[in-house]
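Let's take a friendly look inside a protein model. Have the sequence and the 3D view ready as you read.

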Amino acid sequence: MSTSLITLIILIAGGTDSTDVSIIPENWVFGYDCLIDASACGDWINNHPVIDSTSVDAAVSVSAVSPEVNFLVTGAMRNDSTSHVVLRRARGVVKWPGTPWIAAGVYLNDQQPFIAGLSNPVLEWGWVDIDSTKGFGVSSGGVLGFSGDYLIQLTSGDTLSQLNVHSPWMGFAGVDYSRARIHPADSEGVDITVNVLSVRGDFRYFKPWLIVAGAEGEEGKWAVSAELRELRPIDTQWGRIEIVPGMHFAGDNIDLPGSAFVPGQRIITLGAFLESRRYFVSAGIKGMLDLSSDSLSSVSASAGMISEGGITWDVIFGYYADGDYRAYVSSTVSDSYASAGIAVEIIDDSTRVTGSASYSPRDDVCAEVSFSGDIDDSLQPECVLAVTTSLGPVMCLVGIEWEYDSSPSLRMNLTGLFK
Amino acid sequence: MTRIITVALIILFIITAGCALFVPMQKPVEQDNRLFLWLPGASSVQVLSDWNDWGGSVAAGGIIDPLSGRMEKDDTGLWTIDIAGLPGGVYRYAFYVNGYKWIKDPLNPETALFDGRTVSIIMFTN
């Protein structure tokens, strides 16, 4: 690991203990941690383990936070062919407190665009490679509770800009606006702009949620999702039933980097969900009607429960308009030392059964074995044996996986976070 | 007579077992802002979610922080975590058991997808 990083850690660790004259202001909080992840994979060949790949990843992070400053540096080393220490992640933010407050910061591999939807996100994690972003951002807030930030970054040669504005909760509603644009470095790249307005309301007897998304360019690049939440015709001390009507419409040319919208979709939904306040039991049923075509029309239901006998039940059923269906039933009985479970999953003509068992000789050690196979002519069983330990911030896994018609594979992993 | 007693005992056992199998366990406290998972034998359980960058797996480096979203186990074996105070919004989450196994919340009927996995959804208005 880099000598400079270790020296910095030692300096900071010594600095916090100073009782006399110190260069460290009183209202600063310093932190440092070391995250280590080591793994080895291989096969079991001719009654001997054969390791074919190993990896070690170590990252040291140093942070300093005060009311005015937020500073983070993470240096990392991976045992690849170069074994160089790299500056994996860095952030330096300076804030001028007050009303309004203003902040400015520089970021390296630290700010990833993400915009949530009503179920699946409008802008999914990983839209850009987080390991290739660097940029500058400003933020402000404090005026009537509003806050906003603007970030411009360079990512793999392209320019990514993000604007977020958040309203305060105004007693009956809250509004968020997000805009993300990626401008390609060359003329052959695709210029993508995503605008998302999210409105959450609270009208006492129900809570409407509305998400309007749009992309700039040709016509048909729009999408709307809306749901009425917490419409509760039955609400007692035992539990409540919530009815959730919703709709998801999208233009024919929408192409967002998330799974919230499909081009041309015209879907209305109706769900009913039961949740108990006193007991570990819940259930739900949801219908989806695709007005544009029947391809997404479906009915799904699920239920879950923890019984007095220590059994966790999980039941899922889904039927789609094209005739496909899926059913899943899982039951696991657990106590302090051992557990055993069985799960049956039926997808169309395929039925897969999984049996599992675990034993815990002590709180921080667990040995598990699971066996699964298709109930048809081929069976094609799979077997997984894993022993895991968790000693505070250190976790260790030793596992063997075996699939039909292949040799067993080994996996060993050690992850620790030291502060 | 012996046969009658045997049959009665079997019926009593089935009824008792049935009660234990299908009567739901009572929650320790009535709290809306907690997540629960019944897994007494697990060595560790974490909640990975949109609110904590999926434990760091979507951040630079992509290593799941073993302390991120760590749940606490009570004396009965119930893993819990308090999620009060999150900003309003929609969040996907899943339980990460023993440092390698992803499972959705069996007590939450609403699901979505993350990285090809079925995960659970929770919403906070404000």
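## Chain B from end to end

In what order do the elements of chain B run from the N terminus on? They run α-β-β-β-β-β-β-β-β, where helices (H or I, at least four residues) and strands (E, at least two) are DSSP runs numbered from the N terminus. In other words, chain B has one helix and eight strands.

This is a predicted model, in which local features need pLDDT of at least 70, side-chain atom pairs count only at pLDDT 80 or more, and totals for chains, interfaces and linings use all residues. Side-chain values use heavy atoms, leaving out hydrogens and water, residues are numbered from 1 along each chain as its sequence is written, and chains are lettered from A and ligands numbered from 1 in the order in which they are written.

## The nonpolar cores

A nonpolar core is a set of buried (under 20% relative accessible area, 1.4 Å probe, protein chains only) Ala, Val, Leu, Ile, Met, Phe, Trp, Tyr and Cys residues joined through side-chain atoms within 4.5 Å. The largest one has 25 residues, and V122(A) and W127(A) are among those with the most contacts inside it. At least two residues each come from β9, β10 and β11 of chain A and from β8 of chain B. The top contributor is β11(A), with four residues.

A second, separate core has 17 residues, including A42(B) and L86(B).

## Neighbours of W127(A)

Leaving aside residues up to four places away in sequence, W127(A) touches Q112(A), P113(A), L160(A), A180(A), I182(A), I192(A) and P257(A); contact means heavy atoms within 4.5 Å.

Terms used. Buried < 20%, exposed > 50% of the residue type's maximum accessible area, 1.4 Å probe, protein only.
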